[in-house]
Amino acid sequence: MNWSDIAAAAVTLFLIMDPLGNVPVFNAVLSKLERRRRSLVMVRELLIALVILLAFLLAGNSILGFLGLTQPSLSIAGGILLFIISLRMIFPAQTGDDDSEYEDPFIVPLAVPLIAGPSTIAVLLLLSSNQPGQILEWSVALFIAWLGSTLLLVASPYLLSVIGNRGTRALVRLMGMILVILATQMLLDGIRAFIATL
């Protein structure tokens, strides 16, 4: 296995999943549950997200073939989505308290779209279509990114007490800056590949 590719993909997926940015949302949505129940629901939702993401990774080529999508179009769309997500991380919108009305969420909104969001799915489809021979590597990378996100989210109550909301916002914006660079590169790669097909 190519561990350098796995590490690069795992870091990218971890940044896109944005566990630090999801910490306040997860805790707000699950705030009405007792601590033990909260952890169980969180792990359940994260496992559901992992299954959904693995399904898109393993069936990526079939999905693209069925929809008639090309790699350049997927790369351009993924770059645009990633760019929008990263801008929201750097310049977050003010959110209301609507999320707190979910007492025991199932799939939505925690598993989808917070963890298994459109940007993460687009990147997985791109990886599986670009290098289908490395599905095992991409699966390992996805699991590493998911495991890192899971550990961070499960430990989030302790994390919030240590670094506070201001520290969390600073880390989210730093991750957003890195994602802007990745999104720009993905967009340029897609445009270059599209021009080459003309």
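Glu45 counts as buried, with 0% relative accessibility; buried is under 20% relative accessible area, exposed is over 50%, and partly exposed sits in between (1.4 Å probe, protein chains only). Its salt-bridge partner is Arg44, which is partly exposed at 26%. A salt bridge here is a side-chain nitrogen of Lys or Arg within 4 Å of a carboxyl oxygen of Asp or Glu.

A quick word on the ground rules: this is a predicted model, where local features need pLDDT of at least 70 and side-chain atom pairs need 80 or more, while totals for chains, interfaces and linings use all residues. Residues are numbered from 1 along each chain as its sequence is written, and side-chain values use heavy atoms, with hydrogens and water left out.

The salt-bridge rule gives a count of 2:

| Salt bridge | Closest N to O |
|---|---|
| Glu45 and Arg44 | 2.9 Å |

Asp189 and Arg192 are 3 residues apart in helix 9, so about one helical turn separates them. Asp189 is partly exposed, at 32%.

Asp189 turns up again in the second largest pocket, as one of the residues nearest its centre, along with Leu126, Leu127, Asn130 and Met186. A pocket is an open set of points on a 1 Å grid over the protein atoms alone, where a 1.4 Å probe fits, with protein on both sides within 12 Å along at least five of seven lines; lining residues have an atom within 4 Å of a point.

Note on methods. Helix = DSSP H or I, 4+ residues; strand = E, 2+ residues; numbered from the N terminus.
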